[in-house]
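Colleague: I am new to this structure, and I would like to understand the words used for it. Could you take me through them?

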Amino acid sequence: MTKLHLLKMSNLYAPTLKEDPVDAELNSHKLLLRAAMMRKVAAGVYSFLPLGFKVLRKVEQIVREEMDAIGCQEMIMSIIQPGELWHQSGRWDDYGPELFRLVDRHDHSFALSPTQEELITSIIRDELRSYKELPVSLYHIQWKYRDEVRPRFGLLRGREFVMKDAYSFHSSQESLQEHYDLQSAAYARICERLGLRFVPVEADSGQIGGKVTTEFMALAAAGEAEVVHCTACGYAANTEVASAVLKPQIYGQPDAQLTEIETPIDGSITALAELLGISEAATVKALAGRDAAGQIYVLLLPGDHELCELKARKLIEEFTLLDDEQISDAGLIRGFVGPVGLPAGVKIVADQSLQGLERWLTGANKDGYHLAGVACGSDFEVDIWADLASAQADDCCPECGTSLTMERGIEVGQVFQLGTKYSDSMGAKYMDEDGSEQPFIMGCYGWGVTRSIAAVVEQHNDEAGIIWPLSLAPAEVCVIPLNIGDDEVEPTALRLAEDLLAAGVEVVIDDRNERPGVKFAEAELIGWPYQIVVGKRGLAEGVLEFKTRATLEKSTLPIADACQAVVDLVLAERQRYQ
């Protein structure tokens with residue numbers, strides 16, 4: 001066990017800030033700066049000050065313990081990676097401008113690591129030969145670099161960050177699935193030990209690759225991702241991939257005839273619904289786009305839903321929406337596009353939720369007009385039925401039919417089943433039982449160490465400052481002597497701090513010659529979980545004041561019993577995070 005040392009505020013480099021930094025938007029960004037946890041170096045780049053560094057190391061240790069517990073072995077890999085490895089995988093160009101690239105004096109290309117699939121695959125490719133050596137699971141905790149176009153929100157979208165990434169190599173899908181499940185369970189335990197309210201969700205694999213992946217989302221209003229989840233059966237997914245059951249409505253009667261309606265509006269679904277006095281769900285939205293070859297598509301979905309462009313791009317190669325000029329060039333009228341009377345050659349893709357809906361209300365492909373009573377199959381034909389819409393609150397769960405709940409989330413971790421994406425492209429093979437070469441089956445498991453610090457603060461704060469869970473706090477107990485220089489107060493506070501330290505409690509003592517109000521305000525801002533106040537009045541009465549940061553509850557403790565009472569409380573609280 002690491003030897004504990006008494007922290008003294010008089011020696012501690014912790015320059016707190018009274019005001020919110022002007023460029024900080026989120027609570028976590030503001031508070032981590034104000035509480036002297038970190039300082040900005042450049043856009044998306046931060047230095048960790050002593051208090052923040054202690055928190056960072058605690059997060060790393062929790063992650064390390066959970067990885068070690070499932071047999072994942074720690075190593076360390078280089079931040080600088082040869083460009084040739086990225087060319088082998090095909091990602092040198094595919095990764096795009098987020099990849100930091102550099103050239104050395106010998107004109108060799110390198111990349112600053114945003115992730116380590118290429119490097120770990122090259123290591124295993126050159127070292128591991130037989131199925132008898134599988135499975136293997138390795139991880140490291142390292143700085144990563146991504147040249148974000150808009151670094152913002154402090155640690156949530158940075159250009160330099162700490163990540164734990166693990167990689168596993170297998171000879172069968174069954175072996176990969178077994179380890180994938182172990183990693184997923186470990187990630188859930190990490191969330192619990194960090195004090196995070198979280199949900200694992202179905203997700204998209206993005207640039208990493210693979211078909212099976214799960215994101216671990218810390219639920220917070222500041223999250224950039226939208227998550228739908230079912231409180232009845234536990235189904236959860238990022239809205240980009242969620243397969244919710246939508247509830248479109250019929251406009252008019254099921255047997256209504258095709259009718260042209262004059263609609264002198266700006267063409268928006270909201271304006272159409274207001275004009276006709278109906279729900280947006282009773283309209284059909286039409287969006288125009290094209291593929292890599294220039295083929296024009298009209299995409300139809302319920303009017304109360306938005307198109308999920310990720311779903312569209314998976315369905316249609318290099319799909320992009322048309323701008324106003326391109327819509328006009330394609331012979332379409334912005335705001336009044338519909339499936340009846342489209343120009344020749346235009347293909348129709350409709351959201352699967354519209355299948356079976358007897359009559360539709362759509363654009364008439366005529367400026368200022370819509371069509372009611374449109375019947376699929378007689379008035380037009382759909383070329384492709386697909387899942388196009390982004391899921392939203394009150395859609396039905398695809399598993400049990402219960403209405404879904406929507407929340408925003410911060411992605412703190414993600415696990416992937418990569419399959420043979422990298423082993424195929426990089427020629428990483430082993431010899432199987434029959435003596436034939438086979439590509440390694442791979443898994444990848446990433447955890448955002450610095451990002452999870454911000455997620456914790458987003459969930460654990462109030463108007464006064466940070467409320468650290470005991471597992472992450474820079475120190476567990478802060479002893480605050482009110483009268484520095486007093487012959488009784490200061491020695492009592494120091495003796496109590498040393499007794500707590502000897503009992504294994506992490507202690508900081510605010511021994512600065514500052515006003516009590518300053519000490520109390522900074523204790524709240526920094527977020528020490530427990531505070532013990534030592535003052536002349538309390539000593540005269542034989543008691544110390546005790547305060548819990550999470551609840552702001554105050555109580556008194558007899559001086560003789562204070563140390564043991566606090567030790568017992570801290571030990572019991574630690575159990576919550578084990």
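**Helices and pockets, term by term**

Modeller: Let us start with a helix pair: α2 and α11 pack at an angle of about 110°, with their axes 10 Å apart. This is a predicted model, where local features need pLDDT of at least 70 and side-chain atom pairs count only at pLDDT 80 or more, while totals for chains, interfaces and linings use all residues. Residues are numbered from 1 along each chain as its sequence is written, and side-chain values use heavy atoms, with hydrogens and water left out.

Colleague: Why are α2 and α11 called roughly perpendicular?

Modeller: Axes are lines fitted to C-alpha atoms, for helices over the stretch in contact, and angles run from 0 to 180 degrees between N-to-C directions. Angles under 35 degrees count as roughly parallel, over 145 as roughly antiparallel, 65 to 115 as roughly perpendicular and the rest as oblique. The angle here is about 110°, so α2 and α11 are roughly perpendicular to each other.

Colleague: Which residues make the contact between α2 and α11?

Modeller: From α2 come V55, L56, V59 and E60, and from α11 come V449, T450, S452 and I453; contact means heavy atoms within 4.5 Å. They divide into 5 nonpolar, 2 polar and 1 charged. Ala, Val, Leu, Ile, Met, Phe, Trp, Tyr, Cys and Pro count as nonpolar, Asp, Glu, Lys and Arg as charged, and the others, Gly among them, as polar.

Colleague: And what makes α12 oblique to α15?

Modeller: Helix α12 (residues 489–502) and helix α15 (residues 559–575) pack at an angle of about 40°, with their axes 10 Å apart. That angle makes α12 oblique to α15. Their contact is made by L496, D499 and L500 of α12 with C563, V566 and V567 of α15, and it divides into 5 nonpolar, no polar and 1 charged.

Colleague: What is the volume of the largest pocket, and how many residues line it?

Modeller: The largest pocket has a volume of about 1,300 Å³ and is lined by 48 residues, with R146, R157, E215, E411 and Q414 nearest its centre. On a 1 Å grid over the protein atoms alone, a pocket is an open set of points where a 1.4 Å probe fits, with protein on both sides within 12 Å along at least five of seven lines; lining residues have an atom within 4 Å of a point. A volume is the space filled by probe spheres set on the points, which are joined across faces, edges and corners.

Colleague: Which strand gives the largest share of that lining?

Modeller: Strand β22 does, with 7 residues.

Definitions and conventions
Helices (H or I, at least four residues) and strands (E, at least two) are DSSP runs, numbered from the N terminus.
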